[in-house]
Amino acid sequence: MILFSNVTKVYENGTVGLDNVSFYIDKGEFVFIVGPSGAGKSTLIKLLMHEETPTSGDVIINDINVSRLKRSQIPYLRRRMGVVFQDFRLLPNKTVYENVAFAMQIVQASKRDIRRSVPNALSLVGLSHKAKMLPTQLSGGEQQRVALARAIVNNPAYLIADEPTGNLNPKTAAEIVEILDDINKRGTTVIMATHAKEIVDSMKKRVIAIEDGVIARDETRGVYGYEN
Amino acid sequence: MKIRGGRYFIKEAFRNVFSNGWMSMASILTVVASLLVFGLFMILSINVSYFAEQIEADYEIIVMVDETVGEDRLAAIGEEIRNIPNVQEVVLNPNDQRLADLKEDLGEDASVLDGYEEDNPLRDWYMVTMESLDLAEQTAAQLEQISGVAKIARNQDTINTLVTVTDSISNISIWVMLALAIVSVFIISNTIKLTVFARRKEINIMKFVGATDWFIRWPFVIEGVIIGFFGCIISLLILGFAYNGLLGMVENLGITFVKFVPLSRIWLTSSGLFALMGILLGGIGSLISVRKYLKV
């Protein structure tokens, strides 16, 4: 579970990212984080990833108060989370297979585990046949699918997706969200920050809307609610 | 560090060295340049010390024994001299031997000394060499205290100048070498920083996937060590050949008054020191470079 308790984030230049935000996300949920640009979505994602720490309040993930996490413990928190970015963040000099295996090498998984898990992850995102290709030889949607495979290959409890469809056409974006839905159905909690109105409206999942750093809406089967 | 982690780090480090060929070459050349200057000062310092050692070994204090002293006391004086801590070697030059030497020096005119064998006006001398010239003054004072010693002869100015010069050169060399090491670490860290900068995206991804700081650092540190090691080998070869050439040139020119340390005597020490310097320069340089990109 994830708990934000009265979380405020004020950046060094005085910008308020989040202002006294509280919410709870249960294990296995699929949650969209929506809101206008600059509303605080990215701050929320950064706090989850421990890229930033709250100015006040607590961020609790699996009974651990990550706001008070020591620097040396951050990697172990991140290993429980898969992360997908808008810009894919793949290593251009590694093949599709190597990009996915990379996430396992980092946690020092055995070669045997890597050989077993990487093909499974690639199969889940439908890219088994492109394992030997370089990211530059793939389309945007395919690159994001590689990023998804990398995010799930270590069986994380949480998948954080920051605008994963932002650089994709509607059809490809729908495919990516379908994969995310599949991953969620296997028990992984998915938190997705997005501007994709059609996707949010069609999925009928929980929606947390943030405006000016505060929660404007938190609906169990919500809609996007903004005009793009 | 698990073994498979270790293999991964080494493999990554070598891959990085070769895939960033030009950058690695620039870093290696930086190490070579630093170590060459470092080596020049090291060789200078070693040779100055060697030169001083030779002079120290040859330098003697002459202890002139009073002519009224008998055979027993003469031997006892020799023993007292040997018991002084800084004294290395004591050789008696008896007056009859000195007279014989003098006659030999005079050659055809030696006859002027005829008849002096029976009533030798020369004093017995002890030729005293010391372990350290730094303590020469103290040793001389102790020698003068011995009963039966008429006079001692030494050249304190020469000793003082020699000690001052060798100490200054050693001190300057140490400071220059230290300054060079700091400058080298700075230059190497900047060079490696460029390779780290080129791979900041990779580091960022590693951080988000849950890599520990040391997991990220190791390949860079090993890369630095490899670069340092190659730099050390190249600079050692250049210095070795150059020094050997210098020794050969000195020998061919027939210069005998200046003796250089033979290459065989400094080869092992300098190889070890260079390897250590190269590895430390590269390793520390890398550690400094990668630090900035770990703050995610």
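Select strand 3 (residues 30-34) of chain A and strand 9 (residues 206-211) of chain A: four bridges join these two strands, which run parallel. Here two strands pair if DSSP finds at least two bridges between them; strands (E, at least two residues) and helices (H or I, at least four) are DSSP runs, numbered from the N terminus. This is a predicted model, in which local features need pLDDT of at least 70, side-chain atom pairs count only at pLDDT 80 or more, and totals for chains, interfaces and linings use all residues. Residues are numbered from 1 along each chain as its sequence is written, chains are lettered from A and ligands numbered from 1 in the order in which they are written, and side-chain values use heavy atoms, with hydrogens and water left out.

Stay on strand 3 of chain A. Phe32(A) has Val207(A) as its bridge partner in strand 9 of chain A.

Now show the side chains of strand 3 of chain A. Five of its five residues are buried, where buried means under 20% relative accessible area, exposed over 50%, and partly exposed in between (1.4 Å probe, protein chains only). Phe30(A), Phe32(A) and Val34(A) point one way, while Val31(A) and Ile33(A) point the other way.

Move to strand 1 (residues 2-10) and strand 2 (residues 16-25) of chain A, an antiparallel pair with six bridges. Ile2(A) is found opposite Ile25(A). The two strands form a hairpin with five residues between them, and Gly14(A) in the turn has a positive phi of about 95°.

From strand 1 of chain A, pick Lys9(A) and then Glu52(A). They form a salt bridge, with the closest N and O atoms 3.5 Å apart; the term requires a side-chain nitrogen of Lys or Arg within 4 Å of a carboxyl oxygen of Asp or Glu. The pair links distant parts of the chain, 43 residues apart: Lys9(A) is in strand 1, and Glu52(A) is in the loop between helix 1 (41-48) and strand 4 (56-61) of chain A. Lys9(A) counts as buried because its relative accessibility is 8%, whereas Glu52(A), at 23%, counts as partly exposed.

Go on to helix 4 (111-124) of chain A. Arg116(A) forms a salt bridge with Asp113(A), the closest N and O atoms being 3.0 Å apart. Both residues lie in this helix, three residues apart, about one turn of the helix. Arg116(A) is partly exposed at 48% relative accessibility, and so is Asp113(A) at 25%.

For a salt bridge in chain B, select Glu67(B) and Arg123(B), 2.8 Å from N to O. Glu67(B) lies in the loop between strand 1 (60-65) and helix 3 (71-82) of chain B, and Arg123(B) in the loop between helix 4 (95-106) and strand 3 (125-130) of chain B, so the pair ties together parts 56 residues apart in sequence. Glu67(B) is exposed at 51%; Arg123(B) is partly exposed at 27%. Then select Glu29(A), Arg206(A) and Asp218(A), which salt bridges with shared partners join into one network. Over all chains, the whole structure has 22 salt bridges.
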